[in-house]
Amino acid sequence: YVVKAKQLLGAGWSLNLNGRMRDSELTVRAARPASGINRTTQSINYAGVNTTNPQKGYALDVNVDGEFFLIGRAHRLTLGYMYENFSSRSWMYLGGASVPTALNARPSIGLLADYNYFSQNRTLSSAFYGMVNLELARGLHAVLGGRVTDYKTRTRSGFPVASPWAVGIEEKGYLTPYAGMTWNVTDSVTLYASYTDSFQPTTTEDYFGNVLKPVIGSQLETGVKAALFGEQLNLSAAIYKSRQRNVAIRDPDPTHVCGPNSSFCSINGPGMYRKWGVEFEVNGSPLPGLQLSASYSWHHDDGTWFEIYAREKATLWATYRQHPDGRGWMVGGGLTVQGPTSDAYGGGSYDLRQPVYAIADLQAGYQFSERLTLALNVNNVLDKVYLRQINFLRGAHNQFGEPRNISLSLRAKY
């Protein structure tokens with residue numbers, strides 16, 4: 001549930017309130033691959049998954065935002081406070097042995113067993129924050145801000161009787177500053193640079209129900225944005241470098257599964273994760289009704305993570321609408337090119353690699369009015385077979401991308 005409210009205070013100031021509440025319960029009973037395929041016996045190991053996880057929580061964010069004048073120039077100030085309370089409980093079955101099963105055979109229901117483990121977590125997080133946007137000179141702005149966070153988790157576990165509550169992670173008065181500058185070189189071109197410290201609490205839990213540590217880090221970024229020819233052509237380019245600690249990565253134990261789709265559990269990654277990269281984007285409308293966009297990104301890291309992803313990605317998309325205001329019919333198409341990926345460990349019979357691949361998509365539609373739209377989408381038009389995820393667990397849980405699929409939708413707004 002989400003609630004938002006805004007009260008105008010006059011003189012360009014407003015009071016803003018944002019709240020949300022969560023109440024859910026998830027039960028998973030399944031068998032999951034716990035190894036790669038044995039090419040000799042043509043079999044695969046399965047392990048049982050039996051877990052129930054109810055979660056409750058709420059969050060509140062209130063701030064005042066407005067404009068003030070100093071030394072003949074207009075500036076903007078935001079001051080706020082946020083509070084979050086989250087709790088979860090987990091019942092699960094631990095310790096099941098994996099069982100070899102022939103390919104395409106149904107895993108044994110005997111893999112599932114009654115619960116033998118319980119855990120419970122409570123997370124409290126609060127912070128005061130502020131940001132000021134100062135106009136230092138015509139077209140030159142400095143943005144300064146920060147957040148002071150209090151964070152605490154309490155945990156207990158055991159079966160059939162849970163242990164007493166114990167303090168898990170606790171931080172008081174953790175300061176995360178922010179600083180940035182923008183310079184409007186011309187009415188069409190803006191340069192910017194920023195530095196951000198981060199402290200990001202999470203409600204993500206590991207296989208044993210323990211809340212992961214907050215992500216701590218920093219990022220430095222600089223770039224340029226341009227809006228040319230009356231904003232008919234927009235360009236942007238950026239270069240960044242980041243450092244993060246306690247980033248959530250996939251649990252290396254293939255028998256540990258979590259979530260509604262029996263997906264990977266998470267653990268805090270070891271050491272400091274360093275990443276740097278560049279991003280480019282261009283979009284525009286060279287003719288009435290025609291919209292073109294293209295992007296390219298490249299990033300690299302220091303290899304301290306056992307995560308697998310493509311370091312390069314490029315996209316190209318075009319749409320044409322009968323009327324510039326969106327009414328009538330439209331057609332479009334796009335191409336996504338993904339760079340190569342490979343097994344982070346490599347070697348042996350599970351040296352898995354996914355070469356460069358391209359996915360083409362098409363769409364068509366008709367907008368009857370501002371409130372009624374018909375859309376047809378054809379994804380992966382050429383039915384390209386590719387691995388969208390290569391797992392570092394020597395062959396287990398590699399996932400193919402979506403095959404060609406078609407969807408027809410009718411959307412109405414009231």
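This tour moves through the structure one selection at a time and says what is found at each stop.

**Before you start**

The model is predicted, so local features are described only where pLDDT is at least 70, side-chain atom pairs count only at pLDDT 80 or more, and totals for chains, interfaces and linings use all residues. Residues are numbered from 1 along each chain as its sequence is written, and side-chain values use heavy atoms, with hydrogens and water left out.

**The whole chain**

Of its 414 residues, 33% are buried, and here buried means under 20% relative accessible area, exposed means over 50%, and partly exposed lies in between, with a 1.4 Å probe and protein chains only. Among the contacts in the chain with a separation of 6 or more, 59% are made by residues 24 or more positions apart, a contact being heavy atoms within 4.5 Å.

Next, select residues 215-228, which are strand 10, and residues 233-245, which are strand 11; the two run antiparallel and are joined by 13 bridges, and two strands count as paired if DSSP finds at least two bridges between them. Gly 217 stands opposite Gln 244 in strand 11. Strands 10 and 11 form a hairpin with four residues between them, and Phe 229 in the turn has a positive phi of about 55°.

Leaving aside neighbours within four places in sequence, the contacts of Ser 218 include Tyr 195, Asp 197, Lys 241 and Arg 243.

**Two salt bridges**

The structure holds two salt bridges, each defined as a side-chain nitrogen of Lys or Arg within 4 Å of a carboxyl oxygen of Asp or Glu. Select Arg 20 and Glu 84 to see the side chains that meet at 3.5 Å, N to O. This pair links distant parts of the chain, with Arg 20 in strand 2 (residues 13-33) and Glu 84 in strand 4 (residues 73-92), 64 residues apart. Glu 84 counts as partly exposed because its relative accessibility is 22%.

For the other pair, select Asp 65 and Arg 76, whose closest N and O atoms are 2.7 Å apart. Asp 65 lies in strand 3 (residues 43-70) and Arg 76 in strand 4, so the pair ties together parts that are eleven residues apart in sequence. Asp 65 is buried at 15% relative accessibility, whereas Arg 76 is partly exposed at 36%.

**The largest pocket**

Finally, select Asp 61, Met 82, Ala 127, Tyr 129 and Arg 147, which lie nearest the centre of the largest pocket among its 36 lining residues. The volume of this pocket is about 570 Å³. Strand 6 (117-137) is one of the strands that each supply at least two lining residues, and strand 6 gives the largest share, six residues.

Technical notes
1 Å grid on protein atoms, 1.4 Å probe; cavity = no way out; pocket = protein on both sides within 12 Å on 5 of 7 lines; lining within 4 Å. Points joined across faces, edges and corners; volume = space filled by probe spheres on them.
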